[in-house]
Amino acid sequence: MSEALSPARIMEVGMAFWPAKTLLSAVELGLFTTLGANAMTGAELKRALNLHSRANPDFFDTLVALRFLDRDGDGADARYRNTAETARFLDRFSPHYVGGFLELANARLYPFWGDLTEALRTGKAQNETKHGRAGMFEELYSKPERLEQFMEAMAGISAANFRAFAQRFDFSRYKTLCDVGGANGLLSILVAQTHPHMRCISTDLPAPTAIAAQKIQAARLDDRVSVQSLDFCNDPLPRADVITMGMILHDWNLEKKMHLVKAAYNALPAGGAFVVIENIIDDARRENAFGLMMSLNMLIEFGDAFDFTGADFDRWCRQVGFRETEIVHLAGPASAAIAYK
Ligand SMILES: C[S@@+](CC[C@H](N)C(=O)[O-])C[C@H]1O[C@@H](n2cnc3c(N)ncnc32)[C@H](O)[C@@H]1O
């Protein structure tokens with residue numbers, strides 16, 4: 001038996017920050033966008049990205065070995081190009097760009113996770129708020145470029161989940177939806193595009209709401225999708241047949257979670273639906289590693305915030321009066337947890 005044991009996976013996960021940071025630096029440098037549909041030599045790429053000669057060929061060949069770049073030929077004349085995947089998902093000009101969350105991960109989460117051990121020992125957030133500065137959202141929204149980066153990051157990580165939700169959820173008996181903490185309005189836009197009978201409201205703090213208004217206008221949906229800025233910690237939620245919250249409950253401790261579940265219940269008619277879109281952890285807490293690591297990320301970002309299981313969600317919702325709940329898988333580690341009034 002002991003002969004069959006191998007440290008390979010232990011080493012792979014332990015050293016996973018090497019491939020992760022190589023990819024994150026390539027996104028930070030705009031390498032995949034610089035390449036676009038073209039092929040370039042190492043020397044041309046080095047010049048275009050303003051890198052030191054030490055980066056060529058090691059950096060580019062590492063990305064080839066990690067299958068994030070293709071290379072035609074060998075040696076100094078070899079030409080590097082995007083793979084089909086990096087061309088579709090990591091070129092900033094691609095409509096399927098998901099690099100927003102990776103840019104945020106590189107700029108913020110990678111350095112903050114360096115202090116995970118301290119967070120586990122203290123239960124304290126390890127982000128900008130660590131040194132007594134403003135709360136995470138205030139801090140992020142204090143600079144337009146950081147607000148933009150965060151909005152892009154949220155859209156990047158949520159787009160596939162929202163598309164799946166818009167396609168899978170049965171909207172036939174509903175007419176209105178309110179997305180709470182809707183950031184740049186993406187969920188409301190996708191639901192309105194997929195269901196012409198639906199009217200949606202995207203709500204958030206003032207700064208994201210202004211961005212949402214622009215996105216909705218650009219999508220020519222401002223006849224059926226509106227925005228409302230509100231503070232969901234203090235303001236009642238607009239009434240609607242469906243209340244959605246994408247990655248909202250996990251940002252808060254249990255007391256605030258219950259406040260939001262109650263607020264959703266109060267804003268719904270009988271038969272209405274409360275939908276949270278999150279990386280719902282499996283009830284046995286054994287399988288959804290990404291959901292569990294997202295919960296550790298909430299420790300890093302907020303201290304007492306946490307992700308949760310379907311059973312947790314069911315218990316909280318029944319406590320405030322919802323009749324029943326269900327879990328609908330969306331994409332990857334994410335699901336919709338739905339409670340019916
Ligand atoms: C993690 S993001 C989720 C964004 C989007 N729902 C998604 O799933 O991609 C949390 C959102 O909650 C909003 N938010 C935070 N505190 C808020 C508050 N007190 N009132 C309203 N919105 C708030 C933030 O501005 C941000 O857009």
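This is a dialogue on how to read some features of a predicted model.

User: What should I know about the numbering and the values?

Analyst: This is a predicted model, in which local features need pLDDT of at least 70 and side-chain atom pairs count only at pLDDT 80 or more, while totals for chains, interfaces and linings use all residues. Residues are numbered from 1 along each chain as its sequence is written, and side-chain values use heavy atoms, with hydrogens and water left out.

User: In what order do the strands of the open sheet stand?

Analyst: Strands of a sheet pair through backbone hydrogen bonds, either parallel or antiparallel. Here, two strands pair if DSSP finds at least two bridges between them. Helices (H or I, at least four residues) and strands (E, at least two) are DSSP runs, numbered from the N terminus. The open sheet has seven strands in the order β6-β5-β4-β7-β8-β10-β9, and its pairing is mixed. At the edges stand β6 (225-229) and β9 (324-331), each with a single partner strand, so one side of each has no neighbour in the sheet.

User: How do β4 and β5 pair?

Analyst: Strand β4 (residues 176-180) and strand β5 (residues 199-204) pair in the parallel sense over five bridges. Leu177 has Cys200 in β5 as its bridge partner.

User: Which strands does helix α10 touch?

Analyst: Contact means heavy atoms within 4.5 Å. Axes are lines fitted to C-alpha atoms, for helices over the stretch in contact, and angles run from 0 to 180 degrees between N-to-C directions. Helix α10 (residues 144-168) packs on the sheet and touches β7 (242-246), β8 (273-278), β9 and β10 (334-340). The direction of α10 makes about 125 degrees with that of β9. Helix α15 (residues 310-320) lies across β8, β9 and β10, at about 145 degrees to β9.

User: Why is helix α11 described as largely enclosed?

Analyst: Buried means under 20% relative accessible area, exposed over 50%, and partly exposed in between (1.4 Å probe, protein chains only). Seven of the nine residues of α11 (residues 186-194) are buried, so the helix is largely enclosed by the rest of the structure. Among the buried residues are Leu186, Ile189 and Val191.

User: Which residues have the most contacts inside the largest nonpolar core?

Analyst: A nonpolar core is a set of buried Ala, Val, Leu, Ile, Met, Phe, Trp, Tyr and Cys residues joined through side-chain atoms within 4.5 Å. The largest has 30 residues, and those with the most contacts inside it are Phe165, Phe169, Leu177, Val191, Val275 and Ile277. Two or more residues come from each of α10, α11, α12 (206-218), β8 and β10. Leaving aside neighbours within four places in sequence, the contacts of Phe165 include Leu187, Val191 and Leu330. Apart from this core lies another of 29 residues, among them Leu237 and Phe274.

User: Where is the cis peptide bond?

Analyst: The cis peptide bond joins Asn56 and Pro57, with omega about 15 degrees. Pro57 lies in the loop between α4 (42-48) and α5 (58-65). Asn50 is found in the loop between α4 and α5 too. Phi of Asn50 is near 55 degrees, a positive value in a residue other than glycine. Asn50 is exposed, with a relative accessible area of 69%.

User: Which residues come nearest to the ligand?

Analyst: A residue is near a molecule if one of its heavy atoms lies within 4 Å of it. Of the 20 residues around the ligand, Tyr141, Ser158, Gly181, Asp204 and Gly246 come nearest. An N or O atom in the side chain of Ser158 is 2.7 Å from an oxygen atom of the ligand. For Asp204, a polar side-chain atom lies 2.6 Å from an oxygen atom of the ligand.

Key: A polar contact is a pair of N or O atoms within 3.5 Å; within protein, one must be able to donate a hydrogen and the other to accept it, and residues adjacent in sequence count only if both atoms are side-chain atoms.
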